Amino acid sequence: MERYKLEKFYFREACLKKRPQTIRELLCVVFKQQSDRVTYFLLTLMAFFFAGAFHAGKIGMAIATPAALVFTRFLIASIFLLPFVLRQPKENYLPRKEDLPLLCLLGLTGIFLYNYLFFKALATTSAVNAAVLGSLGPLLTSLMAAAWGKERLGFLRLGALLLALFGVLLALCN
């Protein structure tokens with residue numbers, strides 16, 4: 001137990017002194033390390049919002065275009081996130097100039113294009129099918145990381161990927 005407290009102390013100190021590198025470090029900085037319960041509650045809340053996005057997107061497709069929905073979604077998210085960003089020291093939220101081209105590319109493909117295609121897909125399929133297909137994301141990410149040599153697929157991980165693929169296929173066939 002003492003080792004856990006010591007690690008937690010060093011983790012808090014690291015959060016206060018360096019630029020956040022992981023989601024946990026970022027949450028630590030944003031919420032001033034209130035407690036692990038707050039962190040896990042917010043992560044759980046995020047999962048519920050993510051799951052509800054499929055149904056909300058399907059409803060939104062009845063009244064707006066995919067581009068309008070993407071814009072509205074980011075506008076609302078920006079309004080909610082802005083107070084958290086403004087609470088931080090300037091060096092924590094301004095990117096370095098050399099990172100800007102990569103950030104723009106990632107924003108265009110990983111954020112805008114993903115969401116635009118997400119809403120376009122909802123125009124042609126049900127929210128349930130879109131959610132099931134969306135669950136292929138981690139599987140495809142692992143396969144691409146293995147193909148590019150960034151991750152090694154061991155026997156256990158390969159078995160888990162095949163099980164996940166089987167579950168997605170089973171859900172799609174029903």
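Does Ser-142 count as buried or exposed, and at what relative accessibility?

1. Ser-142 counts as buried because its relative accessibility is 17%, where buried means under 20% relative accessible area, exposed over 50%, and partly exposed in between, with a 1.4 Å probe and protein chains only. Ser-142 sits in helix H8, residues 136-147, and, once its neighbours within four places in sequence are set aside, Ser-142 is in contact with Glu-151 and Leu-161, contact meaning heavy atoms within 4.5 Å.

2. On the basis of these values, this is a predicted model in which local features need pLDDT of at least 70 and side-chain atom pairs count only at pLDDT 80 or more, whereas totals for chains, interfaces and linings use all residues. Residues are numbered from 1 along each chain as its sequence is written, and side-chain values use heavy atoms, with hydrogens and water left out.

3. The largest nonpolar core has 10 residues, namely Ala-53, Phe-54, Met-61, Leu-69, Val-70, Phe-118, Phe-119, Leu-122, Ala-127 and Ala-130; such a core is a set of buried Ala, Val, Leu, Ile, Met, Phe, Trp, Tyr and Cys residues joined through side-chain atoms within 4.5 Å. Two or more residues of this core come from each of helix H3 (36-61), helix H4 (66-86), helix H6 (100-122) and helix H7 (127-134), helices being DSSP runs of H or I with at least four residues, numbered from the N terminus. Another core, of five residues, lies apart from it and includes Leu-136, Leu-139, Leu-161 and Val-168.

4. H3 and H7 pack with their axes 9 Å apart and at an angle of about 135 degrees, the axes being lines fitted to C-alpha atoms over the stretch in contact, and angles running from 0 to 180 degrees between N-to-C directions. That angle makes H3 oblique to H7, since angles under 35 degrees count as roughly parallel, over 145 as roughly antiparallel, 65 to 115 as roughly perpendicular and the rest as oblique. Phe-54, His-55 and Lys-58 of H3 make the contact with Ala-127, Ala-130 and Ala-131 of H7.

5. Lys-58, in helix H3, counts as partly exposed because its relative accessibility is 32%. Not counting residues up to four places away in sequence, Lys-58 touches Leu-122, Ala-123, Thr-125, Ser-126 and Ala-127. The C-alpha atoms of Lys-58 and Ser-126 are separated by 7.5 Å, although the two residues are 68 apart along the chain.

6. Ala-130, with neighbours within four places in sequence again left aside, is in contact with Phe-54, Leu-122 and Thr-125.
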